[in-house]
Amino acid sequence: MISVSNRFGYNMRVGFPKFWMLFYVVLFFIFLLGPIFIVVSISFTETEFVAFPPKGFSWKWYERFFEYEPFVDSFIVSVELAIATALLGAGLGVPAALAVTRGKVPYANTIMTFLLSPLSMPLIVVGFALLFYLSAIGFGVSFISLLIAHTVISLPYVVRTVAGVYRGISPDYEESAAVLGANRIQIFWHVTLPMIKPGIFAGMLFAMLISIDNLPISFFFGSADTNTLPVVMLSYLEHQFDPSVAAASSIQLIVAVIGLFIVERIYGLDAMTPAS
Amino acid sequence: MTDKVRRASAGFSGVVSPWWIGVTALFLVVFFVLPIINNLLNTDQLATLAKQRPAIFYYEKLFTDPYYLRIVADTIILSVGVTVICIIIGYPVALFLVRHSGKWSGFIIFLLIAPLLTSIIMRTFGWRVLFARRGLLNDFLLWLDAIEKPIMFLNGPTSAVIGLVHVLVPFMVLSIASVLRSIDLQLEESARILGASRFKTFLKVTFPLSLDGIGTGFIIVFLLANGSFVTLLLLGGGDLKTLPLLIYQQFTISRDFQFAAAMSNVLLAIAVGCLYLQLRLIKRKGVKG
């Protein structure tokens with residue numbers, strides 16, 4: 001396309017002048033990131049109470065986090081659960097995403113909608129329904145129950161990310177391999193897998209982040225052995241208000257930001273926005 | 001590819017056997033669909049011996065008792081209100097992201113997504129500090145002489161709405177941006193060349209074409225607002241009650257599971273209604289991955 005604006009010298013912008021939009025966007029991000037910045041800075045305060053601006057600098061609330069057993073125990077549960085969720089989610093989600101995208105199955109769109117449908121259910125409904133259902137069939141309040149519940153809600157993220165990457169890869173590679181006599185397993189292992197690896201990785205990371213932050217489902221399955229970090233933080237906040245929760249939040253944030261940076265490096269964030 | 005090769009590859013039906021879909025679908029049927037159906041049909045099994053009532057009693061209570069009717073209404077009003085605020089606040093950001101951000105777009109998307117991955121507790125904690133009686137906002141307003149004594153921002157509908165908008169507005173921006181990105185720029189250029197001002201072009205061309213994005217964003221944000229309770233629990237202070245918050249309280253305090261089940265089914269009905277709207281919207285747009 002020849003750019004008309006260049007030929008006629010028109011200003012082709014629409015809406016408001018750029019300067020005012022930039023000003024607005026800066027305000028928007030102050031609103032969006034301000035509360036997070038406040039919490040991170042509070043986690044370094046020397047005072048015994050929540051104070052902003054914080055006074056002095058100390059690591060003592062981080063030390064407190066690692067000394068307070070419920071925090072540490074639940075943090076370990078959260079990390080184990082996140083990893084297990086990502087593995088089970090990938091095991092179930094990757095083959096299904098590949099088959100739906102290019103498997104010549106009937107009603108592919110309907111199946112895709114079904115695989116993504118847990119996204120549209122209120123989490124508190126899923127958690128409540130699963131608690132009684134899993135108790136009735138004998139799983140009860142356990143790590144396995146948590147794992148099942150978290151996998152249900154993370155699966156759509158794995159499916160969507162993997163399907164998105166796979167759709168962008170030409171089928172010629174796989175078809176060529178098939179013509180040259182490779183069987184399904186060989187094609188998957190030597191052709192498909194290397195190309196969709198970034199999608200699998202990103203999807204698993206997303207599943208981990210969804211799991212590690214989840215509260216509306218995890219709190220139904222809370223017990224001494226199965227409390228996740230957000231559940232412990234919530235009950236802590238309901239009884240006391242001190243900077244150790246700020247430290248716990250900051251630790252969780254660091255984990256998430258590192259994960260996000262890795263994804264952005266190998267995959268780009270554009271393709272995995274929740275609305276895409 | 002030559003015809004010969006294409007014929008040879010025609011027998012190839014995907015690298016993964018379609019049967020794999022069955023495994024995953026079975027998992028979702030057993031651990032997602034059946035639990036919800038079970039909750040829908042067998043509310044009675046949750047009855048504790050002390051107060052055994054038929055399920056219909058609870059639905060009647062929800063829809064006839066003015067106190068609970070108010071909560072059902074408040075849930076919907078709050079979700080719609082939060083969604084509309086998200087559209088108004090988020091639209092200019094989406095427009096900027098798509099049209100003006102240039103090489104910064106990756107960075108802006110990163111800034112939008114980063115808060116989504118911080119814990120919801122962290123964000124409500126931040127707002128509690130800002131809104132506290134001796135918090136930053138009150139100090140600032142006192143310093144401006146805009147107020148004489150600290151205002152109680154916390155524990156009211158206002159702080160709950162701000163908290164919810166803060167959590168949900170990135171979803172709206174991303175939904176609108178993904179549709180704005182697909183608009184053919186030549187349409188806007190034509191309008192400008194034919195003499196429309198930049199505002200008129202926006203109102204008559206860009207905005208109508210982006211309505212699909214607003215629709216998708218509306219459904220996503222409405223659904224999320226409809227199901228959230230942590231923000232209301234920590235910022236709302238109990239004045240403003242919604243169905244998810246009541247489910248949480250029925251579960252943790254009153255332990256009336258039958259009533260909680262009835263409420264979660266009402267919430268489910270609202271979500272299914274939204275899902276239906278979403279499917280109609282997708283169908284209208286033509287099939288889109």
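## Exercises on a predicted two-chain model

Chain B holds 14 helices and 0 strands, where helices (H or I, at least four residues) and strands (E, at least two) are DSSP runs numbered from the N terminus. The model is predicted, so local features need pLDDT of at least 70 and side-chain atom pairs count only at pLDDT 80 or more, while totals for chains, interfaces and linings use all residues. Residues are numbered from 1 along each chain as its sequence is written, and chains are lettered from A and ligands numbered from 1 in the order in which they are written.

**Exercise 1.** Find which residues of helix H3 (residues 55-64) of chain B are buried, and which exposed residues lie on the face turned away from them.

*Solution.*
- Apply the cut-offs: a residue is buried if 20 or more other C-beta atoms lie within 10 Å of its own, exposed if 12 or fewer, and partly exposed in between, with C-beta atoms placed from the backbone.
- Ala55(B), Tyr58(B) and Leu62(B) are buried.
- These residues lie on the same side of H3(B) because they cover an arc of only 65 degrees around the axis, the arc being that of the directions from the helix axis to the C-beta atoms.
- Ile56(B) and Thr64(B) are exposed, on the face of H3(B) turned away from the buried side.
- For the chain as a whole, 43% of the 289 residues of chain B count as buried.

**Exercise 2.** Describe the contact of H6(A) with H7(A) by residue and by class.

*Solution.*
- Two residues are in contact if their C-beta atoms, placed from the backbone, lie within 7 Å.
- From H6(A), Leu123(A), Val126(A), Gly127(A), Leu130(A) and Leu134(A) take part; their partners in H7(A) are Ser145(A), Ile148(A), Ala149(A), Val152(A) and Ile153(A).
- For the classes, Ala, Val, Leu, Ile, Met, Phe, Trp, Tyr, Cys and Pro count as nonpolar, Asp, Glu, Lys and Arg as charged, and the others, Gly among them, as polar.
- The contact then divides into 8 nonpolar, 2 polar and no charged residues.

**Exercise 3.** State how many residues each chain gives to the contact between chains A and B, and which helix supplies the largest share of the chain B side.

*Solution.*
- Chain B gives 86 residues and chain A gives 87 residues.
- Helix H2 (residues 19-41) of chain B supplies the largest share of the chain B side, 14 residues.
- By class, the side of chain B that touches chain A has 57 nonpolar, 24 polar and 5 charged residues.
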